[in-house]
Amino acid sequence: MKSTIHKLINNDRTLVSKTLVLSIALILVSTLGFAQETKGQTITVTIENAKSDEGKILVSLNTKDNFMKGAGVQNAVSEIKNGTATITFENVQPGEYAIMVMHDANGNNKLDFEANGMPKESYGTSNNPRSFGPPNYDDAKFNVEKEDLKLSIRF
């Protein structure tokens, strides 16, 4: 009877040991799997020729779905120095995007308009299209693929 009890205890220890080792292995594999998520690209945007250094520059990275409809997929704010500001968007996944930029000269976090509907503050989009009327996604779109991007937007 003693040998049967010893066999059961040893079998239980072996089972517990195997279970513990397998559990630790599973945790390590899961952790490594999450650690190797695909890192996106970096987009560095330089905004040039602001009319003044007053206020701030508001920048949004947009998909076609949220372009001109509120906040972008990433948003940033920058101070202006000598008419220039630089913003960096990190971990941007591959896809099609457009960038919108606004010089919020009075700090009210919105684009202000004249009585006739013309903007009082400067704005721009990626690709620097020259058009009258509101910005157009198709004119501003660009692709993010496997390399970091550097873009320049002028008001």
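Because the model is predicted, local features need pLDDT of at least 70 and side-chain atom pairs count only at pLDDT 80 or more, whereas totals for chains, interfaces and linings use all residues. Residues are numbered from 1 along each chain as its sequence is written, and side-chain values use heavy atoms, with hydrogens and water left out.

The protein has 2 helices and 8 strands, where helices (H or I, at least four residues) and strands (E, at least two) are DSSP runs numbered from the N terminus. Read from the N terminus on, these elements follow the order α-β-β-β-β-β-β-α-β-β. Of the 155 residues, 29% are buried, that is, under 20% relative accessible area with a 1.4 Å probe and protein chains only. Among contacts (heavy atoms within 4.5 Å) with a separation of 6 or more, 69% are between residues 24 or more positions apart.

An open sheet of 3 strands, with mixed pairing, has the order 4-1-8; two strands pair if DSSP finds at least two bridges between them. Strand 4 and strand 8 (149–154) stand at the edges, each with a single partner strand, so one side of each is left without a neighbour in the sheet. Strand 1 and strand 8 run parallel and are joined by 6 bridges, and isoleucine 47 has isoleucine 153 in strand 8 as its bridge partner.

In soluble globular proteins, nonpolar side chains tend to be buried together. Here the largest nonpolar core has 20 residues, and Ile43, Ile47, Phe89 and Ile99 have the most contacts inside it; such a core is a set of buried Ala, Val, Leu, Ile, Met, Phe, Trp, Tyr and Cys residues joined through side-chain atoms within 4.5 Å. Strand 1 (41–48), strand 2 (56–62), strand 4 (85–92), strand 5 (95–104) and strand 7 (142–144) each supply at least two residues of this core, and its largest share, 4 residues, comes from strand 4. Leaving aside neighbours within four places in sequence, phenylalanine 89 is in contact with residues including Ile43, Val45, Val59, Leu61, Ala76 and Ile99. A second, separate core of 5 residues includes Ala98, Met100, Tyr137 and Ala140.

Serine 78 lies in strand 3 (residues 74–78) and is buried, with a relative accessible area of 12%. Apart from its neighbours within four places in sequence, serine 78 is in contact with Lys56, Ile57, Ala85, Thr86 and Ile87.

Methods
Buried means under 20% relative accessible area, exposed over 50%, partly exposed in between (1.4 Å probe, protein chains only).
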